[in-house]
Amino acid sequence: MTHDLTYPAVDNEALDELTAMLPGQVLVPGDPGWEEHSRGWILSVDQRPRAVLTVGETEDVVAAARWAARHGVAISAQPVGHGATTALDDTVLLRTRALREITIDTEQRIARVGAGVKWGELLAVTSELGLTGLVGSSPDPSVVGFCLGGGLSWFGRAYGLAAHSVVAVELVDAAGELRRVTASSDPELFWALCGGGGDFGIVTAMELRLHPAPHVFGGRLLWPIEMARPVLKAFRAVSATAPDALTLWAQLFRFPALDEIPEPLRGGAFVSIDVSYLGSAEEALALLEPCLELPARWLNTLGTVPLAELGSIAAEPVDPMPVSETSGLLRDFDDVAIDRLLAVVGAGSTAPLAVVQVRHLGGALARASAAEGPAGAVLEPYQFFCLGVPVAPEVEAAIQECFAEVRTALGGHTTGRTMFTFLGADDDPGRAFSPGALARLREVKRRTDPDGVFRSNRPVLSRG
Ligand SMILES: Cc1cc2nc3c(=O)[nH]c(=O)nc-3n(C[C@H](O)[C@H](O)[C@H](O)COP(=O)(O)OP(=O)(O)OC[C@H]3O[C@@H](n4cnc5c(N)ncnc54)[C@H](O)[C@@H]3O)c2cc1C
């Protein structure tokens with residue numbers, strides 16, 4: 001590994017200065033509430049920041065960046081912590097949740113969103129207008145953290161990556177100046193901000209294009225896992241000819257036998273098709289016929305989905321939890337891939353994975369250009385994603401073993417690439433970008449932040 005930047009430890013005098021500048025806003029190890037405030041959403045990542053700063057207003061970010069530059073300390077924004085990694089160790093974490101501005105220009109269909117706004121909060125406002133942002137499966141991630149990483153949305157097939165709908169980024173740069181960056185004010189920096197992560201400044205607000213979503217039809221179809229083969233084949237058949245307005249994800253679930261899991265899911269294993277359609281119920285039901293005619297279905301939640309309740313389709317947990325994940329992009333999902341995947345995680349296996357997901361991509365994601373952001377076009381038609389819940393070290397070992405088996409099983413079908421926001425905690429960001437895009441991101445980092453004032457959870461330059 002090459003070492004491009006070095007980060008000195010934060011000395012106590014420097015921290016005292018920060019605390020004096022922003023009294024009551026800085027926590028250090030040993031302070032009451034440290035445990036809760038210093039951890040990310042992913043509890044299995046033992047992140048060890050040097051201090052946590054609760055930002056109250058934009059001026060606090062300016063003060064923190066100037067302090068960091070003066071003392072040679074790295075700072076990092078972590079609004080929610082869905083992307084927690086140990087790359088953030090020894091940084092000062094900025095909690096930006098107080099930056100909650102939401103301003104909508106309905107004529108231009110542009111939302112200005114503060115760096116603390118979660119997707120659910122933005123959609124609660126835009127749904128009234130029949131407009132949507134490019135939200136993912138959960139309402140919980142911050143809009144800014146999601147867009148900085150690219151952001152794979154339910155509506156990506158219709159409208160592309162979330163990052164490609166960003167029109168301006170307000171950030172505090174390495175000199176501690178508040179700037180509004182656009183494609184014309186600083187084309188290279190703007191390009192890097194459209195999917196290259198949090199390495200280029202502390203973003204205080206973003207302006208995003210909104211998209212029409214007058215009616216969303218969607219929900220979940222669920223069968224026992226014994227139906228996985230015909231369900232996955234129907235998923236593939238429908239997705240192969242789906243219009244861009246229709247997005248399907250197939251999932252295999254294994255629920256633990258815990259009291260908090262309702263019957264009949266408790267201790268059970270299932271296969272689902274999750275659906276989002278930008279259009280009418282009649283059109284969606286016609287498109288979904290091969291899925292709807294499969295026997296032995298346990299559940300059908302299809303119906304009109306208010307935008308503000310989009311998270312109900314995938315119904316992912318919002319409380320912090322331990323998570324291990326692996327993912328990759330698939331060049332196909334043919335019968336061989338289905339058989340090989342099910343041999344590892346299908347009925348009859350004892351796979352210790354809570355979720356194995358295959359998302360259909362394509363559409364506008366594939367039509368993107370390299371000029372829109374470092375992810376460029378996503379040409380692979382499917383993505384696989386596996387999630388385990390490592391409640392104990394021996395469980396984590398079994399999860400990692402199973403991840404390796406899934407990767408081997410799908411090896412002939414993967415391209416080696418994965419999406420930036422789906423990188424595992426220890427994955428190299430080079431897996432998300434072409435060599436050319438990664439080199440360009442590194443060049444932008446060296447130009448805009450030569451002393452390493454900012455550190456992303458997935459730094460584009462390796463640490464020394
Ligand atoms: C339950 C769940 C569902 C998910 N679903 C999807 C999905 O459907 N599609 C998808 O693409 N991803 C998905 N993700 C991944 C998630 O979108 C990314 O981890 C995203 O980065 C989370 O942003 P956050 O702000 O919530 O997390 P954080 O961990 O708080 O932030 C992530 C990183 O973003 C950068 N960052 C955040 N805010 C700022 C800022 N103001 N200035 C500078 N840098 C900043 C930092 O580098 C930070 O480490 C999901 C994650 C979870 C846990």
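**Close-up 1. D274 and R220 are both buried in this predicted model.** The two residues form a salt bridge, and their closest N and O atoms are 2.7 Å apart. D274 belongs to strand β14 (residues 269-278), while R220 belongs to strand β12 (residues 216-224). The pair thus links distant parts of the chain, 54 residues apart.

**Close-up 2. A salt bridge joins E207 and R112.** Here the closest N and O atoms are 3.9 Å apart. E207 counts as buried because its relative accessibility is 13%, under the 20% cut-off. R112, at 23% relative accessibility, counts as partly exposed.

**Close-up 3. R431 pairs with D427 in a salt bridge.** The closest N and O atoms of this pair are 3.5 Å apart. R431 has a relative accessible area of 25% and is partly exposed. D427 also counts as partly exposed, with 22% relative accessibility.

**Close-up 4. Salt bridges with shared partners form a network.** The network consists of E101, R112, E170, R180 and E207. In total, the structure holds 25 salt bridges.

Key: Residues are numbered from 1 along each chain as its sequence is written. This is a predicted model: local features need pLDDT of at least 70, side-chain atom pairs count only at pLDDT 80 or more; totals for chains, interfaces and linings use all residues. Side-chain values use heavy atoms; hydrogens and water are left out. A salt bridge is a side-chain nitrogen of Lys or Arg within 4 Å of a carboxyl oxygen of Asp or Glu. Buried means under 20% relative accessible area, exposed over 50%, partly exposed in between (1.4 Å probe, protein chains only). Helices (H or I, at least four residues) and strands (E, at least two) are DSSP runs, numbered from the N terminus.
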